[in-house]
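The following paragraphs lead through one protein chain, beginning with a single residue and its surroundings and widening from there to the chain as a whole.

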Amino acid sequence: MFSSERKKPKLQTIMETSTQQNIIAQGTKIVGDIESQGPFRIDGTVEGNVKTSGKIVVGKSGYIKGTLQGENADFEGKFSGKLILSGTLSLKATANIEGEVHINKLAVEPGATFNATCSMKGNVKSLTNESAKAQSVQSK
């Protein structure tokens, strides 16, 4: 009934890959392709292709030169190349983006540099007959 051994709760030490954040620290330079299911924080330099289904955060000292594919991205640092996001690209005041950009939504703070060809492919809302008639009447 009474035992001297106490049952200790087991700690779960295994995390899903999608919840672990990959960090490339300042002063680190990676040349090559990176692919992950989890989010990224980049404060160093990456020369190559980065592909993830998670969020990408590029800090002030971060720099990516190549192709970046992901869902959402927040930039404070620099990017040069092709950027493909299924979600939102957020540019902070210190961001510097050059190249080709394909995104769904764009948010830009004053001071950010955005020298890119940009293609935004959001959801297209279909017009009903009544709203189409109302718009044609308003434009006359």
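Leu 89 is in contact (heavy atoms within 4.5 Å) with Ala 73, Phe 75, Leu 83, Val 101, Ile 103, Lys 105, Leu 106, Ala 107 and Phe 114, when its neighbours within four places in sequence are left aside. The model is a predicted one, in which local features need pLDDT of at least 70 and side-chain atom pairs count only at pLDDT 80 or more, while totals for chains, interfaces and linings use all residues. Residues are numbered from 1 along each chain as its sequence is written, and side-chain values use heavy atoms, with hydrogens and water left out.

Leu 89 also belongs to the largest nonpolar core, a set of 22 residues in which Ile 42, Leu 68, Phe 75, Leu 83 and Leu 89 touch the most other members. Such a core consists of buried Ala, Val, Leu, Ile, Met, Phe, Trp, Tyr and Cys residues joined through side-chain atoms within 4.5 Å. At least two residues of this core come from each of β4 (40-42), β7 (56-58), β8 (63-70), β9 (73-75), β10, β11 (88-91) and β12 (96-103). Strands are DSSP runs of E with at least two residues, and helices are runs of H or I with at least four, numbered from the N terminus.

Strand β10 spans residues 78-85 and includes Phe 79. Phe 79 has a relative accessible area of 1% and is therefore buried; the term buried applies under 20%, exposed over 50%, and partly exposed in between, with a 1.4 Å probe and protein chains only. Beyond four places in sequence, the contacts of Phe 79 are Tyr 63, Ile 64, Gly 66, Leu 68, Asn 96, Ile 97 and Glu 98. Its C-alpha atom lies 8.8 Å from that of Val 58, 21 residues away along the chain.

Ser 36 is placed in strand β3 (residues 34-36). Its relative accessible area is 16%, so Ser 36 is buried. Apart from neighbours within four places in sequence, Ser 36 contacts Asn 22, Lys 51, Thr 52 and Ser 53.

Met 120, by comparison, lies in strand β14 (residues 113-120) and counts as partly exposed because its relative accessibility is 47%.

For the chain as a whole, buried residues make up 28% of the 140 residues. Of the contacts with a separation of 6 or more, 2% are between residues 24 or more positions apart.
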